[in-house]
Amino acid sequence: MNDLQQLDADGTLRHLLTLRGLDRSMIDALLDKAETYLRPTDALPARDGILNGRTVANLFFEPSTRTRASFELAAKRMSADVLNLDVNMSSRIKGESVLDTIYTLQAMRSDIFVVRDASEGIPDLIARHVEPHVSVLNAGEAAISHPTQGLLDLLTIRRHKGAFDDLVITVVGDIGHSRVARSLADGLAITGVGELRLTAPPGLTPDEADYPGAVIVDDIDDAIRGADVVMALRIQRERIREKSSLMTSHEYLNRYGLTDERLELADPDAIVMHPGPMNRDVEIASSVADGPRSVIEEQVANGLAVRMAVLAAVVDGKVAS
Ligand code: NCD
C-alpha cells in the first residue's frame, strides 16, 4: 500500500501505517486534537463517546506495556468495546494465518485493528484485506515504523519547545533496530527540524538511507553537545542475533549511555526522552531518567492523548457497519 492509500478519497485518515506521506496539516491536526484530550489540567483526558458502538481489536504479536495499555485505555475512554487478543492463547501460534485471524475478528464486527508484529509489512497486508469500513493502526512494525510513538514524541517536543525548526534533536543508542527513531525521523522530515543527530555504538548504527536529512555522529559527546532534546533508546536484544558481542551494562553506560556528565553538554534547557521500556543504568542513568529534565512520564501521558486523537480521526465522519 503506498502512503496515500492511508487516506480516504476525501483526504481523511483511513489507516495509520506510517507517518511517511502524511502532510504537515494532517500531523498538526492530530497533535492539536491530542492536545484537546490533555486539557485543561494535563490530568486524565475526559471521556468522549465518539467510539460508542465500535469495536477496537488489539492484536499484539510482540510484547508491549505502554502502547497496548494506552490504546486500550484510549478506546475505553471513547466508549468503544475493546477486544484484547491474548497472543499466547490465539490460534496464530497454532498456525492460523494473520489474515484468517483478522477475518475471524472482522466477522465479529471489529471496526479498528491495532496491530503490533515483529514482521515487516503486516499492518500493510491487513490494511489491504479488510472491509471498507475497517481501519488498521500500526502499533509497532518490526524495526520499520511506530507511527503513534512518532506522534507522541512530536507532541512532547512541541509542548516543551514550540516550533521544531530551530531545534537540535539527538537520538542516542540502538538506532539500528529502532522503529521509534525511524518514526520520529519520519515525523521531523514533515514538520522540519533544525538538526536531527543520530549516534549509536558500533554495530547498532542506522542505515543512512533510512534517515534522509539526519546527521550520523560517531562520538556521543559531540552528538549531545548543545542539543535541545536528547532521546535515549534501549538495546533491542530481541532483534540482535549475536548476543555474545554485547558489552556489560556498566561498560555500555560509561561508553554510550546518557549519564549526568554527558547531559551537561546539552543545552541547559534540554529535555530528556525515552520511549520505554527503559533499562536503567544501561542506556540511561537512573538519575537522568528521574531527573529534572526528564519528560519520560509526560511521553506516556501524551501517548494516551495521541491514541485518542488517532482513533477519533479514523472514525470521524464514517458510519459504523
Ligand atoms: C518501543 C517499541 O516497542 O518499539 N517501545 C514502545 O512502544 N514504547 C521501544 C522499545 O521496545 O525499546
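Author: Isoleucine 224 is buried, with a relative accessible area of 0%; buried means under 20% relative accessible area, exposed over 50%, partly exposed in between (1.4 Å probe, protein chains only). A word on the basis: this is a predicted model, where local features need pLDDT of at least 70 and side-chain atom pairs count only at pLDDT 80 or more, while totals for chains, interfaces and linings use all residues. Residues are numbered from 1 along each chain as its sequence is written, and side-chain values use heavy atoms, with hydrogens and water left out.

Reader: OK, and where is the place of isoleucine 224?

Author: Isoleucine 224 belongs to helix H7 (residues 220–224). Helices (H or I, at least four residues) and strands (E, at least two) are DSSP runs, numbered from the N terminus.

Reader: Which residues is isoleucine 224 in contact with, leaving aside its neighbours within four places in sequence?

Author: Leaving those neighbours aside, isoleucine 224 contacts Thr170, Val172, Arg197, Val230, Leu258, Arg262, Leu265 and Ala266. Contact means heavy atoms within 4.5 Å.

Reader: What stands opposite threonine 170?

Author: Threonine 170 has arginine 197 of E6 opposite. Strand E5 (residues 168–173) and strand E6 (residues 195–199) run parallel, joined by 5 bridges; two strands pair if DSSP finds at least two bridges between them. Valine 171 has leucine 198 in E6 as its bridge partner. As for burial, 4 of the 5 residues of E6 are buried.

Reader: What order do the strands of the 5-strand sheet have?

Author: That open sheet goes E7-E6-E5-E8-E9, with parallel pairing. Strand E7 (215–216) and strand E9 (271–273) are the edges, each pairing on one side only. Helix H5 (residues 147–161) packs on the sheet and touches E5, strand E8 (229–233) and E9, its direction making about 170 degrees with that of E9. For the angles, axes are lines fitted to C-alpha atoms, for helices over the stretch in contact, and the range is 0 to 180 degrees between N-to-C directions.

Reader: Switching topic: what's the order in the open sheet of 4 strands?

Author: The order there is E2-E1-E3-E4, with parallel pairing. Strand E2 (81–85) and E4 are the edge strands, each pairing on one side only. The twist averages 15 degrees from one strand to the next. H2 lies across E1, E2, E3 and E4, running at about 175 degrees to E1.

Reader: How many residues of strand E3 are buried?

Author: In strand E3 (residues 112–117), 6 of 6 residues are buried. Ile112, Val114 and Arg116 point one way, while Phe113, Val115 and Asp117 point the other way. In a regular strand the side chains alternate between the two faces of the sheet.

Reader: And which residues pair up with valine 114?

Author: Asparagine 58 stands opposite valine 114, and in E4 the bridge partner of valine 114 is leucine 137.

Reader: Last one: what lines the largest pocket?

Author: The lining has 20 residues, of which Arg116, Arg179, Arg234, Gly276 and Pro277 lie nearest the centre. Helix H2 (66–77) and helix H6 (179–191) are the elements that give two or more residues to that lining. A pocket here is an open set of points on a 1 Å grid over the protein atoms alone where a 1.4 Å probe fits, with protein on both sides within 12 Å along at least five of seven lines, and lining residues have an atom within 4 Å of a point.
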